[in-house]
Amino acid sequence: MSEIHPSTCRLCTAHCPVLVTVKGGRVIQVTGDPEAPLYRGYSCPKGRALPEQHNHADRLLHSQKRRADGSHEPIGSEQALDEIAAKLQGLVSRHGPRSVAMYIGTNTLPYPASGGMANALLRAIGSRMFFTANTIDQPGKQIAQALHGGWIAGQPAFDSAHAWLLVGTNPVISKAGGFNENPAQAFKDAVKRGLKLIVIDPRRTESVRRAHIHLQARPGEDPTLLAGLLHVIIAEGLYDKEFVEENVQGFESLADQVKPFTPDYVARRADVRVEPLVEAARVLARAKRGGVTTGTGSSFPTRGNLTSYLALCLNSVCGYWVRAGEKLRSPNVLLQPYTGKAQPYPPYKAWGYGEKLRVRGLTNTTPGLPTAALADEILLEGKGQVKALFCVGSNPMMAWPDQRRSFEALKKLELLVTLDIEMSATARLAHYVIAPRLTFETPGMTQTAEGIKYFGPGLGFDDPYAQYTPKLLDPPEGSDVIEDWELFYGLAQRMGLELQWVNFYGWGRHIESPPQVIPLDMQNKPTTDDIYEIMCRNSRIPLSEVKQYPHGHVFDEVNEVVQPRDEDCEYRLDVGNAYMMQELTQVRAEDFEARQRNPGYPFLLVSRRSYQFLNSSFRTNPRVARRKPYNPAFMNPKDLARLGLKSGDTVTIRSPHDSIRGVVEAERDLRPGVISMSHAFGANPDEDDDPRQVGANTGRLTRVDNEYDPITGIPRMAAIPVAVEASIPSS
Ligand SMILES: Nc1nc2c(c(=O)[nH]1)N[C@H]1C(S)=C(S)[C@@H](COP(=O)(O)OP(=O)(O)OC[C@H]3O[C@@H](n4cnc5c(=O)[nH]c(N)nc54)[C@H](O)[C@@H]3O)O[C@H]1N2
Ligand SMILES: Nc1nc2c(c(=O)[nH]1)N[C@H]1C(S)=C(S)[C@@H](COP(=O)(O)OP(=O)(O)OC[C@H]3O[C@@H](n4cnc5c(=O)[nH]c(N)nc54)[C@H](O)[C@@H]3O)O[C@H]1N2
Ligand code: SF4
Ligand SMILES: [Mo]
């Protein structure tokens with residue numbers, strides 16, 4: 001007998017409501033939930049492959065301990081925790097708390113308690129070395145928000161907008177940028193009702209299909225393009241004068257700085273035509289309600305802070321912020337209530353506080369400690385050297401830039417612990433691999449996906465939507481798996497540490513939600529549901545009420561009207577930040593023609609998300625990876641022909657730093673001169689890396705200490721100059 005339960009796929013920020021068929025204690029099918037609101041029954045191949053993930057033959061059902069020869073053997077989870085606690089204690093007493101670091105990755109998203117508990121343990125130890133994937137993703141978003149300030153009432157909801165600009169993001173596949181609920185359908189509906197979609201992307205993506213204008217620009221030129229759009233809007237006097245007058249400062253500086261970015265200059269430099277560029281600017285400026293969303297495509301080619309900042313400037317100059325009397329976008333449901341006012345909150349400190357890194361002058365920043373510097377913090381001898389690293393739902397060996405350096409670093413650690421469902425590339429180097437429970441074996445809720453809104457305007461859910469799902473099944477019989485958070489709680493217990501939970505959501509100055517500190521009971525272990533109750537202590541809608549709607553619910557009673565500006569509010573949005581204006585001057589001064597000539601490396605390698613894979617996850621999932629377990633190197637057919645290559649050929653892709661082997665595939669929709677590949681594939685440097693079996697690791701082509709952002713440390717991760725040569729088949 002099988003039963004069907006409503007639940008949530010929590011793999012990506014979309015958090016799609018799903019129906020889960022359970023038979024004999026095993027999950028056998030996952031489909032979209034037609035009864036759920038907003039999503040219209042949507043699900044994607046990864047969500048539908050969750051049964052194969054849960055039942056995978058290679059799923060870790062027992063934690064693993066590394067033997068002296070590098071192989072692993074099973075170990076009981078209690079025993080593993082005892083041993084790890086003892087080692088950790090020893091390292092802390094010998095080398096101090098800073099020798100312990102955490103790295104939190106994407107697969108903490110399904111488990112809302114895990115990141116917070118990892119952080120609680122680290123704080124109890126006295127270390128501030130807390131790193132996340134955020135600083136190798138789009139850290140510029142939070143830097144820009146801090147320099148520009150924000151708008152308490154937020155951005156208009158997409159379904160009310162007249163124009164929208166997507167820069168280096170492909171939400172139809174990635175669900176990023178706040179397009180959670182069936183974005184393909186949302187774009188279709190919006191365009192039908194008259195919205196004009198504008199996309200800047202070197203590839204004619206799935207999201208471009210509905211676009212009014214597609215600027216298929218040269219990668220890495222987003223600051224130039226955005227400055228060009230601002231140039232036209234200001235030069236033609238199309239900006240929202242009333243809004244700017246009342247709410248914006250620094251307008252003169254911005255106007256001055258974008259002056260040299262004439263349409264002719266921008267068109268020549270980014271290799272687009274003048275007419276659509278000017279038309280895009282006019283469409284954006286004439287729309288009363290709109291938005292600008294940037295993505296990883298515009299973050300990775302360096303200058304992500306500036307790109308995000310100029311995107312915010314476009315929003316402000318066009319007056320794309322919700323006004324008094326309108327409906328508040330993203331009112332909180334599982335987060336604290338707040339009053340949405342039509343007024344700015346002021347800029348705040350973006351970096352230069354908290355923990356200082358020992359390399360490259362880096363500090364803590366609004367997006368967190370620079371993860372691209374963590375390998376060097378492990379490698380660099382001396383006081384404060386990192387000796388122990390915990391990886392939570394993350395995979396540094398696949399995801400960090402400069403793979404060979406990461407490899408040297410992880411091998412040097414005295415204690416590497418990772419929580420993973422399989423023997424990932426990182427797990428293969430780890431002293432301990434803790435086997436965790438999987439999605440449907442744990443309760444879940446949408447609070448984290450809701451909280452994404454604090455990462456930038458337009459993110460999170462537009463509507464007051466929430467869902468809770470109970471645990472649906474027990475882990476497989478005979479297994480010994482724990483929830484991620486139990487590792488950190490268990491270590492704290494063993495080390496005699498008192499943990500304090502911190503509810504930490506809100507914009508820079510925490511105008512909505514000042515952090516709350518809640519001591520955890522260290523004698524009577526809480527349940528996951530107890531922790532969720534703590535997390536939702538001050539939520540706008542009690543978690544118990546959300547639980548009444550197993551298919552998820554839009555809490556319309558939370559739909560609030562935006563309040564007018566406080567009489568005494570003098571805050572303004574800053575579009576003329578000196579640091580950003582200086583960077584824009586540097587961009588204008590670059591000899592772009594010399595850079596473009598780069599004869600040794602005639603192609604630019606960029607990144608992309610695949611529908612089947614989630615970063616390094618699902619690569620061995622039989623349902624989605626059967627046909628093609630690797631990441632093809634997509635190229636324009638004309639480029640292939642010119643090089644005498646055809647789809648399926650193996651090539652060597654060489655950057656100034658290193659080289660990888662890839663399998664080329666023709667893609668007409670890609671701009672000539674560009675190679676587009678997904679990241680998080682390949683193998684460790686000491687392993688067999690047949691590109692047809694495991695793909696290639698694009699992170700190997702980059703260096704962390706060469707072209708990097710001086711604030712967030714993120715290095716060039718895309719628009720990497722490369723050469724492509726046919727590979728000599730290995731015998
Ligand atoms: N060159 C290049 N580099 C990039 C990017 C790029 O586009 N190009 N993208 C960057 C971005 S945006 C990001 S966010 C980072 C991602 O960086 P990471 O988060 O470090 O990498 P992931 O591959 O997402 O790691 C997820 C890990 O979680 C494991 N896992 C899967 N399910 C579970 C589970 O249920 N529980 C637990 N505990 N673990 C699980 C997977 O097996 C995998 O090992 O990579 C960045 N690196
Ligand atoms: N299916 C799926 N969904 C995912 C993920 C996944 O691996 N698979 N990963 C998740 C993660 S960790 C993240 S951070 C998000 C990321 O979500 P997005 O930021 O939307 O990432 P992509 O879908 O790769 O879209 C980036 C786009 O930028 C384009 N691009 C490349 N270089 C440039 C450039 O220089 N300028 C401009 N303007 N465009 C450029 C690429 O062609 C690509 O279409 O997706 C999340 N969702
Ligand atoms: S879009 Fe994201 S949340 Fe939705 S089914 Fe796919 S992986 Fe799961
Ligand atoms: Mo990401």
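Author: Phe179 counts as buried, at 6% relative accessibility; the model is a predicted one. Trp164 has a relative accessible area of 3% and is buried too. Both values fall in the buried class because the limit for that class is under 20%.

The ring centres of Trp164 and Phe179 are 6.2 Å apart and the planes stand at 80 degrees, so the pair is edge-to-face. Planes over 60 degrees apart are given that name. Trp164 belongs to strand β9 (residues 163-167), while Phe179 is in the loop between α6 (171-174) and α7 (183-192), so the contact ties together parts 15 residues apart in sequence.

A second pair is made by Phe613 and Phe681. Here the centres are 5.1 Å apart and the planes at 85 degrees, so this pair is edge-to-face as well. It links distant parts of the chain, 68 residues apart: Phe613 sits in the loop between β27 (603-607) and α24 (622-625), and Phe681 in the loop between β31 (674-677) and α26 (691-694). Phe613 and Phe681 are both buried.

Rings also meet charged side chains. Arg360 places its charged end over the ring of Tyr708, 5.5 Å from the ring centre. Arg588 lies over the face of Phe261, and the distance to the ring centre is 6.0 Å.

That leads to the charged pairs. Side chains of opposite charge can pair when their charged atoms come close. The whole structure holds 51 salt bridges. One of them joins the side chains of Arg303 and Glu590, with N and O 2.8 Å apart. The two ends are 287 residues apart: Arg303 is in the loop between α13 (296-299) and α14 (304-317), and Glu590 in the loop between α22 (578-589) and α23 (592-597). Glu590 is partly exposed, at 22% relative accessibility. Both residues belong to a network of salt bridges that also takes in Glu221, Arg269, Glu583 and Arg595.

Asp376 and Arg405 form another salt bridge, with 3.1 Å between the closest N and O atoms. This one runs from helix α15 (residues 374-379), which holds Asp376, to helix α17 (residues 403-412), which holds Arg405, and the two residues are 29 residues apart. Asp376 and Arg405 are buried. In the salt bridge of Arg703 with Asp705, the N to O distance is 2.8 Å. Arg703 is partly exposed at 35% relative accessibility, and Asp705 is partly exposed at 29%.

Two further parts complete the account. Helix α20 (residues 528-535) has Thr528, Ile531, Tyr532, Ile534 and Met535 buried. Viewed down the axis of α20, the buried residues lie within an arc of 155 degrees, so they line one face of the helix. The residues around ligand 3 are Cys9, Leu11, Cys12, Ala14, His15, Cys16, Tyr42, Cys44, Lys46, Gly47 and Lys175. Sorted by class, that shell has 7 nonpolar, 2 polar and 2 charged residues.

Technical notes: Residues are numbered from 1 along each chain as its sequence is written. Chains are lettered from A and ligands numbered from 1 in the order in which they are written. This is a predicted model: local features need pLDDT of at least 70, side-chain atom pairs count only at pLDDT 80 or more; totals for chains, interfaces and linings use all residues. Side-chain values use heavy atoms; hydrogens and water are left out. Buried means under 20% relative accessible area, exposed over 50%, partly exposed in between (1.4 Å probe, protein chains only). Helices (H or I, at least four residues) and strands (E, at least two) are DSSP runs, numbered from the N terminus. The arc is that of the directions from the helix axis to the C-beta atoms. Rings of Phe, Tyr and Trp (its six-membered ring) pair if their centres lie within 6.5 Å; planes under 30 degrees apart count as stacked, over 60 as edge-to-face and the rest as tilted. A charge sits over a ring if NZ of Lys or CZ of Arg is within 6 Å of the ring centre and within 35 degrees of the ring normal. A residue is near a molecule or strand if one of its heavy atoms lies within 4 Å of it. Ala, Val, Leu, Ile, Met, Phe, Trp, Tyr, Cys and Pro count as nonpolar, Asp, Glu, Lys and Arg as charged, and the others, Gly among them, as polar. A salt bridge is a side-chain nitrogen of Lys or Arg within 4 Å of a carboxyl oxygen of Asp or Glu.
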